[in-house]
Amino acid sequence: MNIVYMGTPEIAAVILKALHAAGHHIIAAVTQQDKPKGRGNQVQFSPVKELALSLDIPVYQPRRAREPEFIEVLKELNPEVIVVAAYGQILPKGILELPKYGCINVHASLLPKYRGAAPIQWCIIEGEEKTGITIMHMDEGVDTGDMIRKQEITIAPKETFGSLHDKLAEAAGPLLLQSLSDIEAGRAERIKQKDEDSSYIKILDKSMGHIDFNQPARKIERLIRGLNPWPSAYTTLEGKVLKIWDADVIEENGDTLSGEGISGNSFLKDALPGEAAALKKDALLIKTAEGILAVKELQLEGKKRMTAENFLRGYDLKPKTLLQ
């Protein structure tokens, strides 16, 4: 089919690559405008733009997709279908109704529960045991259109945003190809979403990564995994940002703590949320509202990412140091 593809981040690039490899005629790729990034503030292309250029696919980057000038461009391209994957803008009715087969969205969760941005991260943060990919017909709402196909993916106990992203990206391409085949053959399903089962999730920003140790350790541990690698979970240690990349949870059981090699139970029992101690060789222990967060991998501002064991070898952590 003649396809206009709209997407921006890495997961969208993986899906675009699968479409191209399957032999579909991708007449244009539409992506967000180039933005400065990194310490040097240098302009970088989106992953979709980089891939499209390498495949000799024409690239369009309108400031807003609803601009009349861009809609005219789409009319001239005359796609049979528009495929959208994490593009980053809401499409107007004029675009949704333009292609012969409409606009098809690849959504990185099992609709209707997680509508909106960042569903991969939120599934981990909220403690879901499974997620998946939903292929759907687009309408004027945000992720409210009729569903075509779904595929479930199990969320592993130590799943991070990065690892789950890669699983979903790998699953999305084949599922989309099956859906496009069904659409072209006229056998694609239209499964209505149950609005009563839906929720809208908010966009992530860096401030969400600031850890509140007045929360239970299990909730904090999910936040760490859900924000790894971006935007990352962090606290402050003696005025410096301390990013936490990996941690385990040690439950409190009465006056003792479960967990091999734990000592200093009296300190952990009496400590306040946010107080830390080096009571294990391979972990920095932090008291929370419920349980202990055993940090295994971290990164102090200005330093490289390292294991807690290596960190504690070179850092004189005073007893009951407060992390904020």
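Predicted model: local features only at pLDDT ≥ 70, side-chain atom pairs only at ≥ 80, totals over all residues.

Visitor: Why is Asp 182 called buried?
Guide: Buried means under 20% relative accessible area, exposed over 50%, and partly exposed in between (1.4 Å probe, protein chains only). Asp 182 has 8%, so it is buried.

Visitor: Where is Asp 182, and what is it in contact with?
Guide: Asp 182 sits in helix 6, residues 161–185. Helices are DSSP runs of H or I with at least four residues, strands are runs of E with at least two, and both are numbered from the N terminus. Contact means heavy atoms within 4.5 Å. Leaving aside neighbours within four places in sequence, Asp 182 touches Arg 149, Arg 187 and Ala 188.

Visitor: Why is Lys 320 called partly exposed?
Guide: Its relative accessible area is 39%, so Lys 320 falls in the partly exposed range. Lys 320 lies in the loop between helix 9 (308–314) and strand 20 (321–322).

Visitor: What makes Ile 90, Val 142 and Tyr 200 a patch?
Guide: Patch residues have over 30% relative accessible area and no salt bridge; nonpolar side chains (Val, Leu, Ile, Met, Phe, Trp, Tyr) are joined within 5 Å, like charges within 9 Å. A salt bridge puts a side-chain nitrogen of Lys or Arg within 4 Å of a carboxyl oxygen of Asp or Glu. Ile 90, Val 142 and Tyr 200 form a nonpolar surface patch, with about 290 Å² of accessible area together. Areas come from the Shrake-Rupley method with a 1.4 Å probe; for residues, only the protein chains shown count as cover. Tyr 200 belongs to strand 11, residues 200–201.

Visitor: How many disulfides are there?
Guide: A disulfide is a pair of cysteine sulfur atoms within 2.5 Å. By that rule the count is zero.

Visitor: Why do Cys 103 and Cys 123 count as buried?
Guide: Cys 103 is at 3% relative accessibility, so it counts as buried. Cys 123 has 2%, so it is buried too.

Visitor: What share of the protein is buried?
Guide: Buried residues make up 47% of the 324 residues. The protein has nine helices and 20 strands.

Key:
Residues numbered from 1 in each chain as written. Heavy atoms only, no water.
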